[in-house]
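The following paragraphs lead the reader through the structure shown below.

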Amino acid sequence: MHEHDGHRTRLREKLDKGALQDHEYLELLLCTAMPRRNTNDIAHRLLSQFGSVTGVFSADYADLIKVKGVGEGVAGFLVSLGKLVEKYYRRQTAAYRGIFETNRFISYLKENYKDERREVLDVYFLDENKFVFAIKSVTNGGVDRAEFDPMILTQLLVELKPAGLVLVHNHPNGSYLPSAADDETTGKCQILCSYHNVVLCDHLICAKEGVYSYLNDKKLEKISKKYSVQNLIKE
């Protein structure tokens, strides 16, 4: 057993109870980047230098590396983590809240997805009043291409029990017009929605040139009819 294992085990036990202080959160986090080092003193020095955990995550690489005990790897780790937290927080706080209405929603998408550099496929879940109550990703983790994962959506439909949903996809470097793959994804989504008695309200594609709506282009109606469970059974 490593000499720090006992202390770190106690920290993890406190973490489960939500009883850690700021320096302990930072100390435990630093264990990932420095598994064989005592990170307690470094955590205290970082908090002393930058004032808070937020200050540590917001600090520049050049400033972090000046702190005693923080090498290039740890500085890079903290900067990367800080950027990740910032991006997550920005997406969460920018989340659409309110009744789904196509034109207002499109304005929201133009602002919220304009800086997204990788392809994403998100689902906005609606209650019976068309209020957006949850936003989830339904991709399988691809970086350069958003691959729709029907199993993820199926699980979410069972867990969340929405009345409707809106599919949102982006083309960071392409046209806002739908591709054959986008049509296929819409069809698969419609099959699942039909099976679970959920209304597919729209599929919107965001790009630099604008936002495409399957609903506004009348394409959603054709896909909904073609890929409803009832029609598929008849065939």
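Leaving aside neighbours within four places in sequence, His 203 is in contact with Leu 167, His 169, Asp 182, Thr 186, Tyr 212, Ser 213 and Tyr 214. The model is a predicted one, and His 203 is found in its strand S4, which covers residues 199-207. His 203 is buried because its relative accessible area is 0%, and the cut-off for that class is under 20%. One of its contacts is polar: the side chains of His 203 and Thr 186 are joined at 2.7 Å.

Among the residues that His 203 touches is Ser 213, which lies in strand S5, residues 210-213. The relative accessibility of Ser 213 is 4%, so this residue also counts as buried. When neighbours within four places in sequence are left aside, the contacts of Ser 213 are Thr 102, Asp 202, His 203 and Leu 204.

Val 166 has its place in strand S3, residues 164-170. With a relative accessible area of 0%, Val 166 is buried. For Asp 122, the separation along the sequence is 44 residues, while the C-alpha to C-alpha distance from Val 166 is 8.4 Å.

The discussion now turns to the helices. Two packed helices are described by the angle between their axes and the distance between the axes. Thr 186, the polar partner of His 203, is also one of the residues through which helix H9 meets helix H10. The axes of H9 (residues 180-195) and H10 (residues 219-226) come within 9 Å and cross at roughly 50°. The two helices are therefore oblique to each other, and H9 passes H10 in a right-handed crossing. On the H9 side, the residues in contact are Asp 183, Thr 186, Gly 187 and Gln 190; on the H10 side, they are Lys 219, Leu 220, Ile 223 and Ser 224. By class, this contact has two nonpolar, four polar and two charged residues.

The crossing in which H2 passes H3 is right-handed. From H2, Asp 22, His 23, Leu 26, Glu 27 and Leu 30 meet Asn 40, Ile 42, Ala 43, His 44, Leu 46 and Leu 47 of H3. The residues of this contact divide into six nonpolar, three polar and two charged. Glu 27 of helix H2 is buried, because its relative accessible area is 2%. The C-alpha atoms of Glu 27 and Ala 43 are separated by 5.2 Å, although the two residues are 16 apart along the chain.

Most residues other than glycine have a negative phi. Lys 130, in the loop between strand S1 (121-126) and strand S2 (132-137), has a positive phi near 65°. Lys 130 is partly exposed, as its relative accessible area is 41%. Asn 197, placed in the loop between H9 and S4, likewise has a positive phi, near 55°. At 69% relative accessibility, Asn 197 counts as exposed.

These details belong to a protein chain with eleven helices and five strands. The chain has 235 residues, of which 41% count as buried. Of the contacts with a separation of 6 or more, 58% are between residues 24 or more positions apart.

Key: Residues numbered from 1 in each chain as written. Predicted model: local features only at pLDDT ≥ 70, side-chain atom pairs only at ≥ 80, totals over all residues. Heavy atoms only, no water. Left-handed = near helix turned anticlockwise from the far one by under 90°. Helix = DSSP H or I, 4+ residues; strand = E, 2+ residues; numbered from the N terminus. Contact = heavy atoms within 4.5 Å. Nonpolar A, V, L, I, M, F, W, Y, C, P; charged D, E, K, R; others polar. Buried < 20%, exposed > 50% of the residue type's maximum accessible area, 1.4 Å probe, protein only. Axes fitted to C-alpha atoms, helices over the stretch in contact; angles between N-to-C directions. Parallel < 35°, antiparallel > 145°, perpendicular 65-115°, else oblique. Polar contact = N/O pair within 3.5 Å; in protein donor to acceptor, adjacent residues only side chain to side chain.
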